[in-house]
Each structure stands twice: as C-alpha cells, then as structure tokens.
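Hi everyone, thanks for coming. Let's look at a structure together and see how a few of its pieces sit against each other.

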Amino acid sequence: MPEGPSVRKFQLLTSPFVGQVVVKVGGSSQKINVNYLNSLRLQDSQVHGKNLYLAFVASKGPLGPTAEETGLQREASSGASSAQVCASEKQPQAEELLELQNSRSEPPDGAEGPSNWLHFHFGLFGSIRANEFSRANKANKRGDWKDPAPRLVLHFESGGFLVFYNCRMQWISSPRADPASDILSVEFHRGQALDALRAPRPICYTLLDQRYFSGLGNIIKNEILYLAKIHPLTPGSLLALSDLEQLLDCAVQFSSAWLHSKLRGAGLHPQIYQKEQCPLGHAVMKGTLGPFGGFKRLTWWCPQCQPEVL
C-alpha cells in the first residue's frame, strides 16, 4: 500500500480543490453512497501517515480555513535539503479496526455539521489522479486491455476533477492525527520514537508500528535498515543509542528525500528492497517477518552488510 510520501503527494493533489463545490460524482464504491457528496463543498484536506482525510460541508455554509496546506508545502520544501540520504503492522491493524468501528457509511444530517470527514485508506496500488484517469498499460490475465475502475470520482465547479483508485472510504467525525508520530511532520517527536526503538523486540517490528512511525511502510523499513547496517531481527534493546539515532536519521531523511523525489516526478531507486544483490554485490536474503499472531511482511537484508547481533 502507498506509504507516507505517496499519501503526502495525494494530499497535495487535492489541495487546489479545497473551497470548491462538487457538481458531479461517480465511482464504483459500495462502502459509501457517493451521491451524498453531490453539491457539497470540499472544506479541508489533511494527511496523517498513510491516511488521507477530506472534510465536506454544505455548499451554502461558511468555508473554514484549511489546517495543513501551508505546512505541507513547507515540509515538502524542506525535503529538498534532505535529498542526500545517510549512507553509512500488528498495532496499525488494531488502530484501523478501532477507527472503522467508530465510522459510518453515510454522512450525518446531509453533511451539514461543522466537520464531516471522509477517511481514505489506500490498498495495494491505491492512488489519486487529478484531472486525468488511469489507463491500462498492459493486458490483464484474460488478455483484455481494461482501464482500472475508480472507486470515486469528484467533479468540481472549476471543471477539474479528482479520481480515487483502490481505496477504502469511511465517514468519521474527525481525523485521527498525532503529528508527533508522523515521520514527515515537522512535529515528529524523536524522543518518543527513540524510546519505542529501545524495546526488546525485533527492530523491524517496531519500525512498522504506526503509533510511533506513522507513514513508515515496508519499503522504507527495508531501505533504512540497510542504510543503517542493522539486521532486521536485532532487538532494539541490544543496539547502542548511537545506532538507534542513526536509524532514526535514516528514517526521516529517506522519507523526506522520497517525497521530494515524488514531487519532482522522479522514481525510487531502492538499494535492497526486492533486490537479489546489495550495492556491494553481496547476495541478499529474503524472509517473511512479523510478530507472532500479527501481520508479516516480506523483508530483504544483506547478511554481510547487516550482520546479526548475538
């Protein structure tokens, strides 16, 4: 699924439409009644980790100020200075379940309350496009050239439109946002993150804990562990503070550089993720790692560059 840098880019695509009224809707979503969005005004757009939140109000109502548009632009700009990356989801599932339990499929009272937010959580290959539709770039298993079906299409009064693909949508009363845990937020709390990394469990489990590293996904996890030369199954409690600080630096710098790269339209060039050899030519190991009874993710590491800590 899209990680923090991708969802930040999605939010920036929605920002120009804030303040505009939806004049036409479409899409294949069965989770919400897309017709409820017709004639509503997009009031705000916010992002937290891997989640996007759009606020809608009645078009005749007052338009309140946006909360993060300026801040996000500032964060994206700061990513440029971090382009040189350091060279040297059990809990998330529980949080999502809790949020879904408190959500609903329809907006209350025709979306006339002060804050009626549509929460987007993107699946594998989930995306947003502005003023264009995704087109098939290859035939499917049946040999058909069939364009992806959007879950939601919002046409606005300006003539522009937003298209949402492969995402889960739910109405909620307010965003679940803690900037202190968001690795791309200027309010990211390093001390809180370091405390989490010191836990006596494999470091690769902790990195995917969205309570402390919101927006950090499997690609970022693999890349920063390689950059920091840390074996994924090393318990955080066995690592020196300097090693944990370096890993945290890699997490922030890599994520910021990836966002900046996306905003320039450039692709990601991973060093270890889905590779057979590391940049030094060593054979790469691959395994499915995760906590007992929890979600497990494919993990790549170099046994020579990332030796086990015994």
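**How the helices meet**

Let's start where two helices touch. On the H4 side, the residues are Arg-190, Ala-193, Leu-194 and Leu-197, and on the H7 side they meet Leu-244, Glu-245, Leu-247, Leu-248 and Asp-249. Sorted by class, this contact of H4 with H7 has 6 nonpolar and 3 charged residues, with no polar ones. Before we go on, please keep in mind that this is a predicted model.

Now, how do these two helices lie relative to each other? Their axes are 10 Å apart, and H4 and H7 pack at an angle of about 120°. Angles over 145 degrees count as roughly antiparallel and 65 to 115 as roughly perpendicular, so H4 is oblique to H7. As for handedness, H4 passes H7 in a right-handed crossing.

Let's stay with H4 for a moment. This helix covers residues 190-197, and its buried residues are Ala-193, Leu-194, Ala-196 and Leu-197. If you look down the axis of H4, those buried residues fall within an arc of 160°, so they line one face of the helix. And what do they pack against? The buried residues of H4 pack against helix H5, residues 203-207, and helix H7, residues 241-263.

H7 brings us to another partner, helix H1, which runs over residues 4-14. The axes of H1 and H7 come within 9 Å and cross at roughly 40°. These two helices are therefore oblique to each other as well. H1, too, passes H7 in a right-handed crossing.

Which residues make this contact? From H1 we have Pro-5, Ser-6, Arg-8, Lys-9 and Leu-12, and from H7 we have Ser-255, Trp-258, Leu-259, Lys-262 and Leu-263. By class, the contact of H1 with H7 has 5 nonpolar, 2 polar and 3 charged residues.

Find strand S7, residues 285-289, and strand S8, residues 297-301, and you'll see Gly-294 in the loop between them. Is Gly-294 buried or exposed? Its relative accessibility is 18%, and buried means under 20%, so Gly-294 counts as buried. Now look for Tyr-205: Gly-294 and Tyr-205 are 89 residues apart along the chain, and their C-alpha atoms are separated by 9.8 Å.

Terms used. Residues numbered from 1 in each chain as written. Predicted model: local features only at pLDDT ≥ 70, side-chain atom pairs only at ≥ 80, totals over all residues. Heavy atoms only, no water. Buried < 20%, exposed > 50% of the residue type's maximum accessible area, 1.4 Å probe, protein only. Helix = DSSP H or I, 4+ residues; strand = E, 2+ residues; numbered from the N terminus. Arc of directions from axis to C-beta. Contact = heavy atoms within 4.5 Å. Axes fitted to C-alpha atoms, helices over the stretch in contact; angles between N-to-C directions. Parallel < 35°, antiparallel > 145°, perpendicular 65-115°, else oblique. Left-handed = near helix turned anticlockwise from the far one by under 90°. Nonpolar A, V, L, I, M, F, W, Y, C, P; charged D, E, K, R; others polar.
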